[in-house]
Amino acid sequence: MPLTADVRDRLAVDAQAIVDRYPQPRSALLPMLHLVQSEEGYVSPDGIAFCAAQLGLTTAEVAAVATFYTQYKRHPNGTYTVGVCTNTLCAVMGGDEIFRSLEEHLGVGHDETTEDGVVTLEKVECNAACDYAPVVMVNWEFFDNQTPESAKRLTDDLRRGADVAPTRGAAKVCSFKQVSRVLAGFNDGRAGEGVAAGEATLRGTALAKEEGWTAPEGAPRSSSSASRGDGGRKLGHVAAQTGAGTSAQDAPTVPAGTKERAGTTAGKPPGEATHGESDDGGASTPPADAKPEA
Ligand code: FES
């Protein structure tokens, strides 16, 4: 349905607020595409024309961007995008099986929407939640450690209109249009809700604390870290909080005898042990600054 004059006028006010955030108007294209998607539930030809007019671009330029990113839908989307991660780790942990069972349960395939217009099923790429594999996302909220049965129950709840809470993040899953407006940069005030980093994500940090591992003092900064200036230090700080090691310099020292810790972080800097388990049986190479084994 074409955008009415009233809707255009209303969107134009929001569009200007987006443009005002950037030095160049064309830099506002990505959030503006989310804005039109928040109105129509997808990026329609009218939405593309609206963005082009607001930003002084051609419709071809806008369409080129809208068709590149999978978060922009070119046909009407369901109220909820149910994205099953079928990237490597989730796939082997059951993601492929979850997707197949949802295809059968919902009667739709990838990028198709149920007849009631509630669920659009998608295969999605890694959501950086591998420590909770296999992961399903509903409108970009995390549902961790899923099974075919739990995923089917999830879609059933969505289709009967129940309030659904993700494992982490906001207290309740919002609609696709609501989420699109947040992605356009309009705060819904809910960013602080719910759990952020969970136990599995913080396992590396917890282990380092248990073992008394600390970052070595006076270690030379790597060239890549040095070129980032203070940002390199901040990254290390964030990595320590999330348990995601970024370089030998960021990683705590591995104490003597670590390889005897079967099934934990044997031979690895603890910053890389986000899953609390060794994936190589202790065969990996310790960091350059690791202390020699006893
Ligand atoms: S592979 Fe699924 S979240 Fe990373």
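Reader: Which residues touch the most other members of the largest nonpolar core?

Author: A nonpolar core is a set of buried nonpolar residues joined through their C-beta atoms. In this predicted model, the largest one has 27 residues, and Val-82, Val-84, Leu-102, Val-135, Val-136 and Val-138 touch the most other members.

Reader: OK, and which helices and strands each supply at least two residues of this core?

Author: On the strand side you have β1 (80–85), β3 (119–124), β4 (136–138) and β5 (141–143); the helices are α5 (88–106), α6 (148–159) and α7 (176–183). The top contributor is α5, with 5 residues.

Reader: Let me zoom in. What does Val-135 touch?

Author: Leaving out residues up to four places away in sequence, Val-135 touches Cys-85, Cys-90, Asn-127, Ala-129, Phe-142, Phe-143, Asp-144 and Gln-146. There's also a second, separate core of 18 residues, which includes Ile-48, Phe-50, Leu-55 and Tyr-72.

Reader: Now Leu-3. Where is Leu-3 found, and why is Leu-3 called partly exposed?

Author: Leu-3 is in the segment before α1 (5–19). To be buried, a residue needs 20 or more other C-beta atoms within 10 Å, while 12 or fewer makes it exposed. Leu-3 has 18, so it counts as partly exposed.

Reader: And which residues does Leu-3 touch?

Author: Again skipping residues up to four places away in sequence, Leu-3 touches Arg-8, Asp-46 and Phe-50.

Reader: Zooming out, how many helices and strands does the chain have?

Author: There are 10 helices and 5 strands, and 36% of the 294 residues count as buried.

Definitions and conventions: Residues are numbered from 1 along each chain as its sequence is written. This is a predicted model: local features need pLDDT of at least 70, side-chain atom pairs count only at pLDDT 80 or more; totals for chains, interfaces and linings use all residues. Helices (H or I, at least four residues) and strands (E, at least two) are DSSP runs, numbered from the N terminus. A nonpolar core is a set of buried Ala, Val, Leu, Ile, Met, Phe, Trp, Tyr and Cys residues joined through C-beta atoms within 7 Å. Two residues are in contact if their C-beta atoms, placed from the backbone, lie within 7 Å.
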